[in-house]
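Trainee: Could you walk me through this one before we move on? I would like to begin with a helix.

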Amino acid sequence: MAEVIIVQNEEEAGRIYGRAVADLIAKKPGAVLGLATGSSPLAAYRELAAILKEEGTDVSRVQGFALDEYIGLPLTHPESYRSTITRTVVEPLGLNPERVHVPGDSLNGAGLDDPACAEQILAAGPAYDAAIRAAGGIDVQILGIGTDGHVGFNEPGSSLASRTRLKTLTEQTRVDNARFFEGDLDQVPTHCITQGIGTILEARHLVLLAFGEGKAAAVRDTVEGAVSATCPASALQLHPHATILVDEAAASQL
Ligand code: GLP
């Protein structure tokens, strides 16, 4: 059963997340953070960075694991999730970039059109899950949610037991994300590698953030709907420690 907290705005949600993570790092300097892209976590990263700076916290041993990455984008592309995580998390928090992992990093932008890489792409998922396990598992995983209830890039229909793997992006998600590629759908990758729902559920604490009316139906299905692959985020109901931070608009259908 997830705990739902209605906040006034993204900054208030960010302060709740920031406090929880700062307390965790104080107790466990080698804390393992699960990281997400998208606009929803940005205020949370800003608030966390402010708290860590104010308290002079040593983050040199903190580790990070991102949720997902596009297939076929060079890592240096400004919209690769490696670049996004570097810009929004690693730099503002002052994390050691070598301790922050993004799935498929080893592919270095290789695409599915390169047959020599196909095997490597299939191996990248299990390798990522193994790296998370070797780090001792994720302590706090931050999550956004898609309007269709996806988390990471686990689109509706994803098995609730799924592991990190190659996925095809839905047309809707590619259209939604075209805004990051000059509005040009042809530039949006067709595939990605994403932590599975089963992988995500292994994190010790899940913090899902959703703001705005556009997320209201997905939040309702997540919290009050049946646990079902139709709304992958509904799997949070199975987690013993899940916190859902929403503003009034995102909570309006509860
Ligand atoms: C993408 C990401 C998700 C993110 C979602 C919502 O699909 N892969 O991790 O949660 O977008 O993004 P936003 O927070 O910008 O609404």
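Trainee: Where does α4 have its kink?
Mentor: In this predicted model, α4 has a kink of about 30° at Ala-124, shortly before the proline Pro-126, where the bend is the angle between axes fitted to the seven residues ending at a residue and the seven starting there. Helices (H or I, at least four residues) and strands (E, at least two) are DSSP runs numbered from the N terminus. Local features need pLDDT of at least 70, side-chain atom pairs count only at pLDDT 80 or more, and totals for chains, interfaces and linings use all residues. Residues are numbered from 1 along each chain as its sequence is written.

Trainee: Which residues of α4 are buried?
Mentor: They are Ile-121, Ala-124, Gly-125, Tyr-128 and Ile-132; buried means that 20 or more other C-beta atoms, placed from the backbone, lie within 10 Å of a residue's own.

Trainee: And what covers them?
Mentor: The cover over the buried residues of α4 includes β3 (63-66), β7 (165-168) and β8 (191-194).

Trainee: New topic: which residues does UniProt list for "active site"?
Mentor: The unreviewed UniProt entry lists Asp-68, Asp-148, His-150 and Glu-155, though such annotations may be inferred rather than shown by experiment.

Trainee: Why does His-150 count as buried?
Mentor: His-150 counts as buried because it has 25 C-beta neighbours inside 10 Å, and it lies in the loop between β6 (140-143) and β7.

Trainee: What does His-150 touch?
Mentor: Not counting residues up to four places away in sequence, His-150 touches Glu-155, Pro-156 and Pro-232, contact meaning C-beta atoms, placed from the backbone, within 7 Å.

Notes:
Buried ≥ 20, exposed ≤ 12 C-beta atoms within 10 Å, placed from the backbone. Contact = placed C-beta atoms within 7 Å.
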